Amino acid sequence: MATLNTTEAVQKAVQAQSIVDIHTHLYPAAMGPLFLGGPDELVTYHYLKAETSRQLPSDITVEAFNNMPTDKQADVIWSTLFVGDSSPISEAQVGVVTVMSTLGLNPRSDSLYEFRTLYKDHTPESYTDLVFEKSGVGTVYMTNDPLEDVEGGYWNDGFDLDPRFRAVLRLDSALMNWPAPVEKLKAAGYDVETSLSHQTFSEIRRYLSDWVKKMDARYMAISLPPDFTYPSEESTSTLMKECVYPTADELDIPSAMMVGVTRQVNPVLKDGGDSLGSWDITNLERIARDWPNVTFLTTILSREDQHELCVTARKFPNVLPFGCWWFLNNPSVIQEMTQERLELLGTSFIPQHSDARILDQLLYKWTHSIRTIAPVLAQKYDDLQNAGWPLSESDIARDIGRFFGGGRVLA
Ligand code: FIX
Ligand code: ZN
């Protein structure tokens, strides 16, 4: 068998693959105000707001900036980061440049006028079609919270769900900071108590099960702080043990844990004010050991935890590492993480998700990630060929299908 040009074969397979994006914050056009797209939303992404706050013009305070309407914020960000006196070189900034170039726009423009004009010519539906087509993404998993007023209204009243969007039951607002969620759960018809009683556990299990079924949620997800401990008397940990893990087991759906986020270290930056910390992964060992029938989709925010996560996944087949989350979604870190995951886990992980909040971001987050991941894969296939393994294009296409098509559990 002739030696395969792995760079070309990987490129070809990736281009032919319809991407399944297993964690986003995107919503379909039918969900009205929850749908976010276009230049003003793209440029006011919280990553870019945080970056702008480091170099706001001296006459604008962060508080004054926060009080501006979205289009005015976008103008300030545009003139600060993109027209200002430095090049837009951070990952999030280059992302906007990629989006604009992909849409045939001049990113070196003095204003967002041209981009706004293009966006106004579309409906949310036609823009969704355009972005899905140009990004190569075929399916996105959402982040769905029925306790959130606007979103809950859509699920309760019913709407036609675009089949490219799949539901994920997000648990943060129902479980974190107990008893804060009690009132919302009661209002939704679940008779929980402020104490972590048997009645509370059984009502939360009913909430989880009802909503997984109602939304056809493919998995349940929660983000957790670095001090999350299992087992423990702490309320979130108790609720995970008594309610979430048994429900995942019973309904046979994965439980996703996104661990390591410290919320609101700088609240004035809103969503941009969250940070991270390292997690003691012996907790994951105990969770995976106690719940062998539950698949734990796991992503961890701290770079220093990544190697340990791979080792833990080697010990527990029910731990499925996914994505390079948030502050890890940068080429230098993606490269390192993908290399160590391939070396320790072969094909048994999901390399990336976009975490897109604004539809347009599908146009850069995937191109940028694949630009880093493809050469790492090609190098690994070269190693395999050099070891004497006759490799075919269809082998590579099959593996790419697994990596970018949702893996074994979310295809
Ligand atoms: O908790 C999450 O799902 C995080 O991804 C977000 O809350 C975060 O703000 C984000 O956008 C990261 O990319
Ligand atoms: Zn997210």
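A note on the model: it is predicted, with local features needing pLDDT of at least 70 and side-chain atom pairs 80 or more, while totals for chains, interfaces and linings use all residues. Residues are numbered from 1 along each chain as its sequence is written, ligands are numbered from 1 in the order written, and side-chain values use heavy atoms, without hydrogens and water.

Next, the geometry. I read an angle of about 130 degrees between α1 (residues 6–16) and α17 (residues 362–386), with axes 8 Å apart. Helices here are DSSP runs of H or I, at least four residues, and axes are lines fitted to C-alpha atoms over the stretch in contact, with angles from 0 to 180 degrees between N-to-C directions.

I then checked the contact (heavy atoms within 4.5 Å). T6, T7, V10, Q11 and V14 of α1 meet α17 residues including I370, L377 and Y381.

On to α18 (residues 393–404): α17 packs against α18 at about 140 degrees, axes 13 Å apart. W366, I370, I373, L377 and Y381 of α17 make the contact with I396, D399, I400, F403 and F404 of α18.

Last, I visited ligand 1. An oxygen atom of ligand 1 lies 2.9 Å from a side-chain N or O atom of D355.

Note on methods. Helix = DSSP H or I, 4+ residues; strand = E, 2+ residues; numbered from the N terminus. Polar contact = N/O pair within 3.5 Å; in protein donor to acceptor, adjacent residues only side chain to side chain.
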